[in-house]
Amino acid sequence: LNRISLENFFKNICNIIQKNNQKSVLIILNTIKSAQMTYDFIKELKLDDTELFFLSTHIIPRERKERIKNIRDSNKRKIIVSTQLIEAGVDIDLDIVIRDLAPLDSINQSAGRCNRENRGNYLGEVYVYNIANEKGIEYHKMIYCNYLIDKTKIVLNNHDLILEEQFFELNQDYYHLVSDGKSNDISRDLIRKIFDLRFENVTNDFQLIEDQDMITIFIEVDDNAKLIWSKYQKITNEKDLKIKNEQFNLIKSEFYEYVINVFRKNQKCDENILYIKHELLDKYYNYETGYIIDANR
């Protein structure tokens, strides 16, 4: 639970990877930037007989699906660097999982990618690190609620090694701490407004998920993407809303295969959907690590 710099984290994962040279490793980071830096570090190791994969939401869905398929099909040793997207709905099985500190339920999800298929007597290993950037800011603070992290730290404190048979009790402790400490004041206030039929107040006050200022980006990575965008442009010129919706539904699934969402602060743009031409990919998109975050742009 002690804070560790990204540089020292690299030294740790290097030791784990080299000590377990026959085992596949999944490394899950809290931010895309730290994931990209970790991927670049491992790439420089030039590991023999090892396939290296990178996954994040800054890679178009079409390519992500292909990489996940390749991970499942590969018989080689694999090193996968990913963000939290791999926690749910991705059916892959690795020998070792390394996870940046997160709420306990997210750590559980990550651990579920380790020895998922219960391969004989083999015991999977999950390592958890509290990683901080060059300014000393812990990466979990950029993503998760401090309240949940604090409860996780309380549960994991004084445990250097946790065996699988301890998971159930630790999770019970975690959920009791979370439940005991939460406030019901907001819920009671919302219920009062509902009974008073003040629905407008409920709409304004209640958010299940906090709004985030995101921008949608369509990436023209191939000829098919170019064709889909051309169809989309024609559809946007349609005046009849019903016809427009019907036509878009015909290309919707393919359209979103080339779409990513990024924080608006990472891309200065007033448009709802930004289109990146193939000729501009070198500036905006890297085939290995996805959308290029450039603070100067």
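Let's start with the open sheet of three strands, which has the order β8-β7-β9 and mixed pairing. Two strands count as paired if DSSP finds at least two bridges between them. From one strand to the next, the twist averages 30 degrees.

Before going on, a word on the source: this is a predicted model, where local features need pLDDT of at least 70, side-chain atom pairs count only at pLDDT 80 or more, and totals for chains, interfaces and linings use all residues. Residues are numbered from 1 along each chain as its sequence is written, and side-chain values use heavy atoms, with hydrogens and water left out.

Back to the sheet. Strand β7, residues 214–219, runs antiparallel to β8, and five bridges join the two. For T216, the bridge partner in β8 is N261.

What lies across β7 and β9? Helix α9 does, residues 223–236, and it runs at about 120 degrees to β7. For such angles, axes are lines fitted to C-alpha atoms, for helices over the stretch in contact, and the angles run from 0 to 180 degrees between N-to-C directions. Contact means heavy atoms within 4.5 Å.

Next, the aromatic rings. The structure holds 18 aromatic pairs. The rings of Phe, Tyr and Trp (its six-membered ring) pair if their centres lie within 6.5 Å; planes under 30 degrees apart count as stacked, over 60 as edge-to-face and the rest as tilted. F218 and W229 have ring centres 5.1 Å apart and planes at 40 degrees, so this pair is tilted. The pair links distant parts of the chain, with F218 in strand β7 and W229 in helix α9, eleven residues apart.

F218 is at 0%, so it counts as buried. W229 is at 9% and counts as buried too.

Another pair is F248 with Y256, which is edge-to-face, at 6.1 Å centre to centre and 85 degrees between the planes. Here F248 is buried, with a relative accessible area of 16%, whereas Y256 is partly exposed at 40%. These four residues also belong to a cluster linked by ring pairs, together with Y232, F255, Y258 and Y275.

Now a residue elsewhere in the chain. S106 sits in helix α4, residues 104–111. Its relative accessible area is 10%, so S106 is buried. If we leave aside neighbours within four places in sequence, S106 is in contact with E87, R99 and Y144.

Last, two residues with positive phi. K46 is not a glycine, yet its phi is near 50 degrees. Where is K46? In the loop between α2 (32–45) and β3 (50–55). With a relative accessible area of 64%, K46 is exposed.

The other is N158, also not a glycine, with a positive phi of about 70 degrees. N158 is in the loop between α5 (146–156) and α6 (167–181). Its relative accessible area is 74%, so N158 is exposed.

Technical notes. Helix = DSSP H or I, 4+ residues; strand = E, 2+ residues; numbered from the N terminus. Buried < 20%, exposed > 50% of the residue type's maximum accessible area, 1.4 Å probe, protein only.
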